[in-house]
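Let's walk through this structure together, one neighbourhood at a time. Have the sequence to hand and follow along in the 3D view.

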Amino acid sequence: MDFGTFKNRRGPLGGAAQRFVEKNFPVCPLCGGQDPEWTLKFSADLSDNRVNFRCGCCGSVLSVTIADLSGLSALSKNKNILIKAYTWQAEALNAVNKTLKGKKVSKTYIRVESIGEVKWTDYQIAQEVPLEDICTAR
C-alpha cells in the first residue's frame with residue numbers, strides 16, 4: 001500500500017529520510033546522475049514499512065525499510081542497557097524479519113524497486129543489496 005505521491009520531503013515528517021538518501025546517494029547508483037534530486041514516497045506491506053526514493057534523472061526507484069532507516073540495524077550492535085530496554089521489541093522484530101530473508105541483522109539493505117529509464121544495470125528489480133555495496137557501485 002502506497003501513501004501519497006513522490007515529493008521532496010524536507011519537513012519534520014520525512015526530513016530524516018530525505019537526509020538519508022541525499023547523504024548516501026549524492027550520485028544515483030543506477031544511472032550515475034550527478035544531481036539526482038531524490039523524491040520520496042512511503043509504502044507498507046505485511047512484512048515491513050518502506051521509504052521509496054525516486055531518482056530525478058532516470059526515474060529509478062530504490063527503497064529502504066523504516067527499521068533500517070531509523071537505525072535499528074545499527075542498534076543491534078549497541079550494548080548500552082538503557083537503549084536495549086527501550087528498543088528490544090523493535091530490534092527483535094527486525095531481526096526475525098531479516099533472518100527469515102537470509103540477511104545480516106546489522107546491515108542496512110536497499111531494494112531496487114524499479115530501474116526507470118536505465119538501459120543496463122548490475123541489479124535486478126526486487127533485489128536487496130547492502131548499503132555499502134550499492135553506494136560503492138559507481
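Lys7 belongs to strand S1, which covers residues 2-7. This is a predicted model, and in it Lys7 comes out as partly exposed, with 45% relative accessibility. Now look across to Leu40: it is 33 residues from Lys7 along the chain, yet the two C-alpha atoms are separated by 5.3 Å. If you set aside the neighbours within four places in sequence, Lys7 is in contact with Leu40, and also with Gln18 and Thr39.

Next, turn to the aromatic rings. How many aromatic pairs are there? The count is two, taking rings whose centres lie within 6.5 Å as a pair. One of them joins Phe20 and Phe53, with 6.1 Å from centre to centre and 25° between the planes, and this pair is stacked. Phe20 sits in helix H1 (residues 15-24) and Phe53 in strand S3 (residues 49-54), so the pair links distant parts of the chain, 33 residues apart. Both Phe20 and Phe53 are buried.

Phe25 and Trp38 both lie in the loop between H1 and strand S2 (39-44), so their pairing ties together parts that are 13 residues apart in sequence.

One more ring deserves a visit. At Tyr109, the charged end of Lys103 sits over the ring, 5.0 Å from the ring centre.

Finally, let's look at the cysteines. How many disulfides does a search of the whole structure find? The answer is zero. Cys28 is buried, with a relative accessible area of 0%. Cys55 is in no disulfide either, and the nearest cysteine sulfur to it, that of Cys28, is 3.7 Å away. Is Cys55 buried or exposed? Its relative accessibility is 3%, so Cys55 counts as buried.

How values were computed
Residues numbered from 1 in each chain as written. Predicted model: local features only at pLDDT ≥ 70, side-chain atom pairs only at ≥ 80, totals over all residues. Heavy atoms only, no water. Phe/Tyr/Trp six-rings, centres within 6.5 Å; stacked < 30°, edge-to-face > 60°. Helix = DSSP H or I, 4+ residues; strand = E, 2+ residues; numbered from the N terminus. Buried < 20%, exposed > 50% of the residue type's maximum accessible area, 1.4 Å probe, protein only. Lys NZ or Arg CZ within 6 Å of the ring centre and 35° of its normal. Disulfide = S-S within 2.5 Å. Contact = heavy atoms within 4.5 Å.
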